[in-house]
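Okay, thanks for coming, everyone.

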Amino acid sequence: MNDFPSPSSDDSASIASADQSARRSRRSVDGSHSLSRSHTLSTEPSRHWRDVFWLSVFIVHLIGLGLILAVLGLNRFRKTDRLNIDRFTNSLHKNDEGLTENYWPLYAVAGGVGTFLGWAWLLLLGSRANQMMKVSVHILTTYLAVISVLCFWGEQFFWGVAFAIGAALQFLYVISVMDRLPFSMLVLQKAVKLVWNLPQAMRVAYAFMLVMLLWMALWSFGASGVVASNMADSGRWWLLVVFSVSLFWTGAVLCNTVHVIVSGIVFLVLIHGGPEAASMPPNSLMKSLRYAVTTSFGSICYGSLFTAAIRALRWEIRGFRSKIGNNECLLCCVDFLFHLVETLVRFFNKYAYVQIAVHGKSFNHSARDAWELFQSTGVEALIAYDCSGAVLLMGTILGGLITGTCSGVWTWFRNSDRVIMVGSTAMLMGMILVGVAMVVVESAVTSIYICYAEDPLLIHRWDTELFNQMSETLHQRLQYRSARVREVLTQNRLDGGGHIQESIPV
């Protein structure tokens with residue numbers, strides 16, 4: 001087993017209480033049928049505007065950047081320096097000039113391929129999702145390695161090294177979590193089954209993918225103007241990096257908006273026992289949509305800035321930490337980073353979006369409440385063991401790489417000097433479009449864990465197989481953590497006794 005906590009004197013008490021909570025959860029299936037807590041959760045909460053500052057920042061950023069993108073694209077649309085902007089770059093080293101329409105079709109290919117991959121993922125969700133996720137896990141390392149070789153062949157040494165490092169990290173991560181994949185695949189399979197029976201969730205993903213595609217049309221128009229400008233490569237790269245950060249934030253906001261909408265619907269379905277239940281509130285989709293794009297939108301904008309980066313860093317540290325062994329010096333350094341990231345996860349985690357959807361809280365409040373719920377029930381050990389989010393991320397990255405490759409190959413035949421510039425930004429576009437499709441399944445996964453922590457009977461009523469597997473895995477993880485803590489405490493006690501004996505003169 002992987003993923004053990006850093007030893008501390010109070011771990012045994014927390015683990016014992018969590019183990020007791022897990023046993024109590026399993027016993028609830030035999031006799032307890034009271035769902036008063038679930039009914040309390042499903043009541044209509046009072047909604048207030050949350051994180052308004054970040055909502056304002058996002059809207060201002062979107063309007064300002066949209067104007068800049070439009071100006072940069074128009075400046076070289078069908079005519080060089082149409083708006084007489086090049087005079088501001090006269091002091092910079094000039095490069096080959098071009099027109100916006102020379103590069104805009106290349107980004108159109110990226111948008112088309114990314115949209116096709118996202119729609120194909122949603123269409124194959126019910127029949128081939130398990131096979132697609134396995135392919136994503138095992139093919140990504142090879143794909144990264146092949147791209148690295150092509151970059152070295154094209155004398156792009158920086159990008160060759162970057163993709164080679166990515167392939168190595170991906171390979172090491174998959175090796176470190178190989179024993180977790182069966183459980184993670186089961187969770188994903190059940191999540192797919194859940195959302196496949198909710199056609200309204202699929203329609204939400206299709207609609208937001210179109211919204212993202214419309215914004216990408218403007219974004220790629222401005223990016224094409226930057227690539228076609230007469231600035232030096234360094235100036236172009238700086239502008240593209242800034243635009244890419246903006247696109248990443250915008251894409252994360254739209255993905256997490258879908259997350260809030262779908263998780264709100266899934267939570268209600270699990271609470272009420274099915275989408276056709278008589279107690280299911282009417283117009284649940286429209287209510288979730290209204291809350292997500294109004295009162296809770298500021299919280300979504302805030303969380304989208306940091307959550308993805310913290311999650312990716314946490315997965316890598318956990319995978320690396322489980323394979324260190326007895327190297328105390330290295331383990332100490334990794335433990336420091338691990339505790340730092342765990343502190344950040346307490347305030348920035350994807351489970352906050354379920355709390356936002358259900359209760360309408362602010363982002364930090366939602367993240368803290370979700371994490372305290374998991375720690376108080378012991379479910380945090382199960383979440384730490386599950387790597388379903390990483391599997392979905394691998395599929396998203398693979399979709400982005402395929403998109404970037406398609407645009408990059410066409411760019412190679414038209415203008416080989418711009419392959420990396422166009423290919424890397426096209427890859428980001430593909431990742432975002434595929435991510436909008438992937439987030440539908442991730443929403444179901446987060447809702448399942450929240451419901452399991454709130455009341456395991458909800459999961460037992462919906463799917464007995466998943467409930468039994470989750471309960472068994474949780475029990476094993478808590479036993480492993482307890483044994484690990486006892487081992488470390490015993491070792492520390494023996495070391496302390498040895499030091500005492502050495503200090504006593506004979």
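Let's start with Asn283, which counts as exposed because its relative accessibility is 57%. For the cut-offs, buried is under 20% relative accessible area, exposed is over 50%, and partly exposed is in between, with a 1.4 Å probe and protein chains only. Asn283 sits in the loop between H9 and H10, and its phi is positive, near 55 degrees, although the residue is something other than glycine.

Before going on, a word on what we are looking at. This is a predicted model, where local features need pLDDT of at least 70 and side-chain atom pairs count only at pLDDT 80 or more, while totals for chains, interfaces and linings use all residues. Residues are numbered from 1 along each chain as its sequence is written, and side-chain values use heavy atoms, with hydrogens and water left out.

So how confident is the predictor? pLDDT is its confidence in each residue, from 0 to 100. The mean for the protein is 81, with 77% of residues at 70 or more. Please be careful with residues 1-42, where pLDDT stays under 50 and the model has 78 contacts beyond four places in sequence. Contact, by the way, means heavy atoms within 4.5 Å.

Now the overall picture. The protein has 19 helices and 0 strands. Those are DSSP runs numbered from the N terminus: H or I with at least four residues for helices, E with at least two for strands. Of the 506 residues, 53% count as buried. And if you take contacts between residues at least 6 apart in sequence, 82% of them join residues at least 24 apart.

Back to that loop between H9 and H10 for a moment, this time for Pro281. Helix H9 covers 233-272 and helix H10 covers 284-293, with Pro281 in the loop between them. Leaving out residues up to four places away in sequence, Pro281 touches Leu268 and His272. Pro281 and Leu268 are 13 residues apart in sequence, and their C-alphas are 8.2 Å apart in space.

There's another positive phi to point out, at Arg78: about 65 degrees, and Arg78 is not a glycine. You'll find Arg78 in the loop between helix H3 (52-75) and helix H4 (100-123), and Arg78 is exposed, with a relative accessible area of 65%.

Next, please find helix H17, residues 419-454. H17 has 36 residues and spans 50 Å from first C-alpha to last, close to the 52 Å expected; the expected span is 1.5 Å times one less than the number of residues. H17 has a kink of about 35 degrees centred on Val436, where the bend is the angle between axes fitted to the seven residues ending there and the seven starting there. How many of the residues of H17 are buried? The count is 34 of its 36.

That brings us to the core. A nonpolar core is a set of buried Ala, Val, Leu, Ile, Met, Phe, Trp, Tyr and Cys residues joined through side-chain atoms within 4.5 Å. The largest one here has 129 residues, and those with the most contacts inside it include Trp121, Tyr449 and Ile459. H17 gives the largest share of this core, 24 residues. Ile459 touches several residues beyond four places in sequence, among them Leu270, Ile448 and Met470.

Last topic: aromatics. Rings of Phe, Tyr and Trp (its six-membered ring) pair if their centres lie within 6.5 Å; planes under 30 degrees apart are stacked, over 60 edge-to-face, and the rest tilted. The structure holds 20 such pairs. Tyr302 and Phe363 make an edge-to-face one, 5.9 Å centre to centre with 80 degrees between the planes. Tyr302 is in helix H11 (residues 297-321) and Phe363 in helix H14, so the pair ties together parts 61 residues apart in sequence. Phe363 is buried, at 0% relative accessible area. Tyr351 and Tyr449 also pair edge-to-face, at 6.5 Å and 85 degrees. Here Tyr351 lies in the loop between helix H12 (328-347) and helix H13 (352-359), and Tyr449 is in H17, 98 residues apart. Tyr351 and Tyr449 are both buried.

Technical notes: pLDDT = per-residue confidence, 0-100.
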